[in-house]
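Me: I have a new structure open and want a quick tour. Can you take my questions as they come?

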Amino acid sequence: MTSLLEPAQSDRPAPLAEALDEVRRSAQSLLADLGDRPRALRIRAGDVVVEMEWTEQQRSAATAVVAAAPDAPPEPKAAPVGSDISAPIVGTFYRAPEPGAAPFVSEGDQVHKGQQVGIVEAMKLMIPVEAETDGRIVAAIAADGAPVEFGEPLFRVEPSAQ
């Protein structure tokens, strides 16, 4: 019996490896043909599905790279506005209470100190992520279902005027 991770006897890639390679090539081709990076991309090759999501910040950075002239000097980055809501623990970040449900918050939403804005799952425990200040969500940095490290920014909040 041959494992999918070991080379087959005939030196042909395993069917899963072939499918993943086809998905990778399809994603590269689709993204190269687009002027703007999409919010999300889902590619299916047989039973293999790959889903990718980009935040608005990642999308605008990719669009700026595509639009910049090759000889143009890089533009200085503006300082981020507001403060970050960070992951309280290493785990998997979720923006909604359950699959298919509306996210706790979206970009542009007003939040209050202590309001739940997400969940980090760690070892089957659901740890709430709460806003640390009153303000407005200006960026959703981490994608839903993304692995996160302790202290990794999940949202950027523009504090309310005191």
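Me: Start with the second largest pocket: how do the residues of its lining divide into nonpolar, polar and charged?
Reply: This is a predicted model, where local features need pLDDT of at least 70, side-chain atom pairs count only at pLDDT 80 or more, and totals for chains, interfaces and linings use all residues. Residues are numbered from 1 along each chain as its sequence is written, and side-chain values use heavy atoms, with hydrogens and water left out. As for the pocket, its lining has 12 nonpolar, three polar and seven charged residues. Nonpolar covers Ala, Val, Leu, Ile, Met, Phe, Trp, Tyr, Cys and Pro; charged covers Asp, Glu, Lys and Arg; the others, Gly among them, are polar.

Me: Which residues lie nearest the centre of that pocket?
Reply: Arg39, Glu53, Arg95, Pro103 and Asp144. They belong to a lining of 22 residues.

Me: What counts as a pocket?
Reply: Take a 1 Å grid over the protein atoms alone. A pocket is an open set of points where a 1.4 Å probe fits, with protein on both sides within 12 Å along at least five of seven lines. Lining residues have an atom within 4 Å of a point.

Me: And how much space lies in the second largest pocket?
Reply: About 490 Å³. That volume is the space filled by probe spheres set on the points, with grid points joined across faces, edges and corners.

Me: Back to Arg95. Where is it found?
Reply: Arg95 sits in the loop between strand E4 (91-94) and strand E5 (110-111). Strands (E, at least two residues) and helices (H or I, at least four) are DSSP runs, numbered from the N terminus.

Me: Is Arg95 buried or exposed?
Reply: Buried, at 19% relative accessibility. The cut-offs are under 20% relative accessible area for buried, over 50% for exposed, and partly exposed in between (1.4 Å probe, protein chains only).

Me: What does its side chain reach?
Reply: The side chain of Arg95 reaches the backbone oxygen of Val105, at 3.0 Å.

Me: Let's zoom out. How many helices and strands are there?
Reply: Two helices and 10 strands. From the N terminus the order is α-β-β-α-β-β-β-β-β-β-β-β. The protein has 162 residues, and 24% of them count as buried.

Me: New topic. How many salt bridges does a search of the whole structure find?
Reply: Two. A salt bridge here is a side-chain nitrogen of Lys or Arg within 4 Å of a carboxyl oxygen of Asp or Glu.

Me: Which side chain does Asp84 meet in a salt bridge?
Reply: That of Arg156, at 2.7 Å, N to O. This pair links distant parts of the chain, 72 residues apart. Asp84 is in strand E3 (residues 83-86), and Arg156 is in strand E10 (residues 153-159). Asp84 is partly exposed at 25%, whereas Arg156 is buried at 12%.

Me: And what does Arg136 pair with?
Reply: Arg136 forms a salt bridge with Glu158, their closest N and O atoms being 3.3 Å apart. Arg136 is in strand E8 (residues 135-140) and Glu158 is in strand E10, 22 residues apart. Arg136 is partly exposed at 30%, and Glu158 is partly exposed at 29%.

Me: What about Glu121, buried or exposed?
Reply: Glu121 is buried, yet it has no salt bridge. Its nearest side chain of opposite charge is Lys124, 4.4 Å away. For charge, Lys and Arg count as positive and Asp and Glu as negative; His and the chain ends are not counted. Glu121 is in strand E6 (residues 116-122).

Me: Which side chain makes a polar contact with Glu121?
Reply: The side chain of Tyr94, at 3.4 Å. A polar contact is a pair of N or O atoms within 3.5 Å; within protein, one must be able to donate a hydrogen and the other to accept it, and residues adjacent in sequence count only if both atoms are side-chain atoms.

Me: Lys124 came up there. Where does it lie?
Reply: In the loop between E6 and E7. Lys124 is exposed at 72%. Its phi is near 70°, a positive value in a residue other than glycine.
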